[in-house]
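This report covers charged side chains and a ligand site. The sequence and structure come first.

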Amino acid sequence: MAERFDRRTALAIGAGALASTPLLAQLAKPVGQALTDAFPGKRGMILQRTRAPLLETPMDAFDGALTDSPFTPNDRFFVRWHYDDIPLSVDVAAFRLKVGGAVKRTLSLSLADIQALPQVEIAAVNQCSGNSRAAFGPRVPGAQWGNGAMGNALWAGVRLRDLLGRAGIAAGAVQVRFSGLDNPPGAAPDFAKALNLDRAMAEDTIVAYGMNGTQLPLLNGFPLRLVVPGWFSTYWVKALDTIEVLSAPDTGYWMEKAYRIPTAPRASVVPGSKDFPTAPIGRMIPRAFFTRADATAVRGVALGGDSAVAKVEWSIDAGKRWQAAELGPDHGAFGFRRWAATLPSGSHTVAVRATNAKGETQGTDPIWNPGGYMRNTPETTKVTVA
Ligand SMILES: Nc1nc2c(c(=O)[nH]1)N[C@H]1C(S)=C(S)[C@@H](COP(=O)(O)O)O[C@H]1N2
Ligand SMILES: [Mo]
């Protein structure tokens with residue numbers, strides 16, 4: 001698995017290189033226009049909500065020729081915060097990441113301390129659990145995301161297990177909980193997420209300070225965020241300043257009540273169901289998306305979930321026969337893989353699906369759950385090929 005990290009090409013994000021520019025007083029722009037440039041470090045975003053910001057990436061921002069970079073530019077990368085009170089600036093010199101709880105010694109690390117540890121890089125898709133929620137029928141509450149609550153970046157940082165190793169995990173530890181600099185209103189529960197110890201200690205779980213060769217945008221979690229490749233972004237805690245090793249599973253709201261999916265196959269239940277067994281959402285599953293479909297090109301991006309994209313296929317007969325699409329270069333198992341299809345001329349409804357290295361693919365029937373999570377039904381579009 002070590003080849004997923006390439007220390008030789010590690011980014012030159014040197015100690016002291018991180019700087020914070022105060023973020024706006026601009027977070028109160030009126031909702032309405034389709035694309036917004038009103039948020040610092042962002043342009044051309046679909047405005048879903050102003051406060052707390054929900055900014056969706058338009059699909060054409062993911063488009064490109066088969067051999068183009070599959071990384072999403074930082075200024076087009078989607079944004080999602082739960083609470084209004086988000087960090088608008090960070091005092092880089094004063095910032096400390098605290099590691100505590102069931103550890104042998106608590107740590108309080110400066111950004112320079114963290115950047116002094118071995119740097120690793122990994123390409124990974126950050127996808128909201130509720131990506132494509134707007135496609136759910138019957139409609140479910142929550143942000144009505146199209147397909148752009150996702151993005152692929154090359155993340156640079158340190159392995160979480162290197163930090164936990166320095167603190168020393170105490171006997172009996174079972175989970176690790178993460179929270180950031182944002183604050184809940186009133187008595188609402190702090191946004192905190194927990195990973196089981198094995199996922200926390202996995203070599204590809206990182207505390208990132210770099211995104212596509214530069215520091216993280218403030219809206220995407222400057223100065224540090226957790227990156228859990230292959231898992232939904234609810235765990236990718238932004239503006240991460242607190243890591244707590246737990247000796248009992250986290251019973252907080254964000255693990256026990258929110259972000260749970262039916263344990264039923266494909267996380268799907270009969271619409272309207274209420275009483276069914278649930279489990280915390282976790283790993284992602286395969287999906288393929290169109291970024292362009294017109295007379296000249298049918299193409300897109302795909303993700304494998306928690307294993308690599310093995311193939312992308314298209315169908316123009318409602319899924320009776322599937323044919324292989326062409327795949328672009330492999331930039332890492334957890335990132336986007338570009339695909340392109342050469343369809344016969346004529347007018348078609350084309351469907352596309354991805355299959356991952358574990359052999360999992362996209363099920364044809366729609367799914368439903370009250371959170372609007374885990375959509376992986378094949379996307380379809382109408383196209384007339386010249
Ligand atoms: N501190 C903090 N981290 C957070 C959240 C949050 O509200 N606060 N939201 C999570 C959710 S649900 C998503 S989808 C991703 C969004 O990451 P992005 O804004 O970088 O795209 O951040 C995750 N990390
Ligand atoms: Mo999310």
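Which residues are linked in a network of salt bridges? In this predicted model, the network consists of Arg283, Asp306, Lys358 and Glu360. The structure holds 17 salt bridges.

**Salt-bridge pairs**

| Pair | N to O distance |
|---|---|
| Glu203 and Arg159 | 3.6 Å |
| Glu379 and Arg287 | 2.9 Å |
| Lys311 and Glu313 | 3.8 Å |

The side chains of Glu203 and Arg159 meet in a salt bridge, and this pair links distant parts of the chain, 44 residues apart. Glu203 sits in the loop between helix H3 (197-201) and strand S11 (206-211), while Arg159 belongs to strand S8 (residues 150-159). Glu203 counts as buried because its relative accessibility is 15%, and Arg159 is buried at 9%.

The side chains of Glu379 and Arg287 also form a salt bridge. Here the partners are 92 residues apart and connect strand S24 (residues 379-385), which holds Glu379, with strand S17 (residues 287-293), which holds Arg287. Glu379 has a relative accessible area of 10% and is therefore buried; for Arg287, also buried, the value is 1%.

In the pair of Lys311 and Glu313, Lys311 is partly exposed, with a relative accessible area of 38%. Glu313, at 8%, counts as buried.

**Lys238**

Lys238 lies in the loop between strand S13 (225-227) and strand S14 (240-246).

**Ligand 1**

Lys238 is also one of the residues that come nearest to ligand 1; the others are Phe78, His82, Asp182 and Arg225, out of 18 residues around the ligand. Oxygen atoms of ligand 1 take part in several polar contacts. A backbone N or O atom of Phe78 is 2.7 Å from a ligand oxygen, and a polar side-chain atom of His82 is 2.8 Å from one. For Asn126, the distance from a side-chain N or O atom to an oxygen of ligand 1 is 3.4 Å. On its own, ligand 1 has 530 Å² of accessible area, and the protein covers 100% of that area.

How values were computed:
Residues numbered from 1 in each chain as written. Chains lettered and ligands numbered in written order. Predicted model: local features only at pLDDT ≥ 70, side-chain atom pairs only at ≥ 80, totals over all residues. Heavy atoms only, no water. Helix = DSSP H or I, 4+ residues; strand = E, 2+ residues; numbered from the N terminus. Near = heavy atom within 4 Å. Polar contact = N/O pair within 3.5 Å; in protein donor to acceptor, adjacent residues only side chain to side chain. Areas by Shrake-Rupley, 256 points an atom, 1.4 Å probe, with all protein chains shown as cover. Salt bridge = Lys/Arg side-chain N within 4 Å of Asp/Glu carboxyl O. Buried < 20%, exposed > 50% of the residue type's maximum accessible area, 1.4 Å probe, protein only.
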